[in-house]
Amino acid sequence: MRAEIIRQQLQHGQLDACAIAALFARGEITPLAFTDACLAAAQRATAIFITLTPERAREEAAAATRRWQRGAPLSAFDGIPVAWKDLFDVAHTRTTAGSALRQHAPLAHQDAPLVARAAQAGMVTLGKTNLSEFAFSGLGLNPTFGTPRLRTADGSEHAPGGSSSGAARAIAEGLVCVALGTDTGGSIRIPAAFSGVVGYRASRGRYDDRGVFPLAASLDTLGPLCRSVRDAQMLDAIWCGPNAAFAPPHFVADTVLLDQCEAPVRENGYFALAQLEAAGLRVSYRAVKAMHSALAWIADNGWPGAVEAFQLHADVLASPQAEKMDPLVRQRLLDSGRLSPEVLSTFLQHRMQWQHALADELAGAVLITPTIAHTAPLLSPLQDAATFAQTNRATLRLTMPGSLLDMPGVALPSGGAETGLFTSLLLSLPSGEDARLLAAANAAAAVLMPGTPAQRDFVTQP
């Protein structure tokens, strides 16, 4: 019972992974008891997980329990439950990539390196989460494994965001403390925004992506979804080493982009910026030319990741097997085949130049933009192909420039709408400045998420 109460506190954002690890350290709960509560909840959930690994989870949690009892944890997150988007190889499980075409793929012989490193830190693998087929959608629908729907209090069902849909819902519903996703054009940041959780897109190469099924090799990267920025910082420290302290951040808010958003996103965004200023943080307001140039380039030329995705799946698309694919994803891939390969080559040729221009323009400031211009769309209209395509483009529009420029980004909840849906702001820095970004995002979270675990002491109920 106590473990389930703590899991519910995680679900409601009253606890985070760091706080739960502190409970382990004090002996108030064991990793095994907490893992059992998470597994029971995960087994009741619909379409969030594609595969659960209960035997592995209990074995790892039992070992973590013994280590905490000896006072010898492997890391600060020893015993913390984690889930993996079903693009990551996990030993003795099938990596489906969310596709009916891979339902009978061979089982993985070993963990992907990042999964292995999590295990070496004592983290508990609970299973593998659902996603858009082949990770090629910003909306998160999946007709093969089901869609992990986002439901509001009035009973309406909304798209969870993609492609890391199951990862976001696993965090929002308190099934795990950390869920690892991938992000090519927005696939961590978008579902985090729709579900009102924290999502961190790391710079390319910061985390080892071997053993992860690709979408677009020139743009793919990894990152966690979690309940707090400090959880993302702790995970980053476990994998990359501790970070130095940083000076208070200077934020640059692109209000041109904010003004283009739906009313709840715009109003919550301006209120959040005013809160940052009231807390003594420096905020400037101006359009960032490099971002608008990237938006215009994508609008004029197309998305280079789509070219790579088509090239990866061209053989399947030309075969009878294509009929088994999600028709909405299949059509998007076929449309991608009409793009000139020069879109990709031009991008690769100019990427570094664009990144330098962005860094020069920001001059050390942290960029703030809306994560998405709208809240989570209703699910049922998205069955129409034209509506799906239009909504998918709109959903990805503001995250794609950051991917084009390889900007590490943290999506932070910025409030809610009357509908009960969430809004989000995206904090970004030039490629490679992940540690400074996480520090800046934590400073912002101290103001914008005052009720979150990082900002207060924790009281658990007996």
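## Contacts and overall form

A contact means heavy atoms within 4.5 Å. In this predicted model, residues 24 or more positions apart account for 77% of the chain's contacts with a separation of 6 or more. The chain holds 17 helices and 13 strands. These are DSSP runs numbered from the N terminus: helices are H or I with at least four residues, strands are E with at least two.

The radius of gyration is taken over C-alpha atoms, and the globule rule is 2.2 Å times the number of residues to the power 0.38. For 462 residues, a compact globule would have a value near 23 Å; the chain has 21 Å, which agrees. The C-alpha atoms fill a box of roughly 60 × 60 × 45 Å along the principal axes. Of the 462 residues, 60% count as buried. Buried means under 20% relative accessible area, exposed over 50%, and partly exposed in between, with a 1.4 Å probe and protein chains only.

## Confidence and conventions

The predictor's confidence in each residue is pLDDT, from 0 to 100. Its mean over the chain is 96, and 97% of the residues reach 70 or more.

Residues are numbered from 1 along each chain as its sequence is written, and side-chain values use heavy atoms, with hydrogens and water left out. Because the model is predicted, local features need pLDDT of at least 70 and side-chain atom pairs count only at pLDDT 80 or more, while totals for chains, interfaces and linings use all residues.

## Pockets

A pocket is an open set of points with protein on both sides within 12 Å along at least five of seven lines; a cavity is a set where a 1.4 Å probe fits but cannot get out; lining residues have an atom within 4 Å of a point. Points are joined across faces, edges and corners, and a volume is the space filled by probe spheres set on them.

The largest pocket has about 640 Å³ of space. It is lined by 22 residues, with Trp 303, Arg 332, Ala 389, Arg 393 and Met 400 nearest its centre. Two or more lining residues come from each of α11 (289–301), α13 and α15 (385–396). The largest share, 7 residues, is from α15. By class the lining has 14 nonpolar, 4 polar and 4 charged residues. Ala, Val, Leu, Ile, Met, Phe, Trp, Tyr, Cys and Pro count as nonpolar, Asp, Glu, Lys and Arg as charged, and the others, Gly among them, as polar.

The second largest pocket has a volume of about 470 Å³. Of its 23 lining residues, Gln 11, Ser 195, Gly 196, Arg 227 and Phe 422 are the closest to its centre. β4, α6 and β12 (409–416) each supply at least two. Its lining has 8 nonpolar, 11 polar and 4 charged residues.

## Cavities

The structure holds 3 cavities of 30 Å³ or more.

## Backbone exceptions

Most residues other than glycine have a negative phi, and most peptide bonds are trans. The bond from Gly 162 to Ser 163 is cis, with omega near 10°. Ser 163 sits in the loop between β5 (157–158) and α6 (165–172).

His 92 has a positive phi, near 70°. It lies in the loop between β2 (81–85) and α5 (113–120) and is exposed, with a relative accessible area of 65%. Phe 134 also has a positive phi, about 55°. Its loop runs between β3 (124–129) and β4 (150–151). Phe 134 counts as buried, at 5% relative accessibility.

## Two loop residues

Pro 160 is in the loop between β5 and α6. It is buried, with a relative accessible area of 0%. Beyond four places in sequence, its contacts include Leu 139, Thr 147, Arg 169 and Phe 194.

Ala 318 is in the loop between α12 (304–317) and α13 (327–336). This residue counts as exposed because its relative accessibility is 72%.

Key. On a 1 Å grid over the protein atoms alone, a cavity is a set of points where a 1.4 Å probe fits but cannot get out, and a pocket is an open set with protein on both sides within 12 Å along at least five of seven lines; lining residues have an atom within 4 Å of a point.
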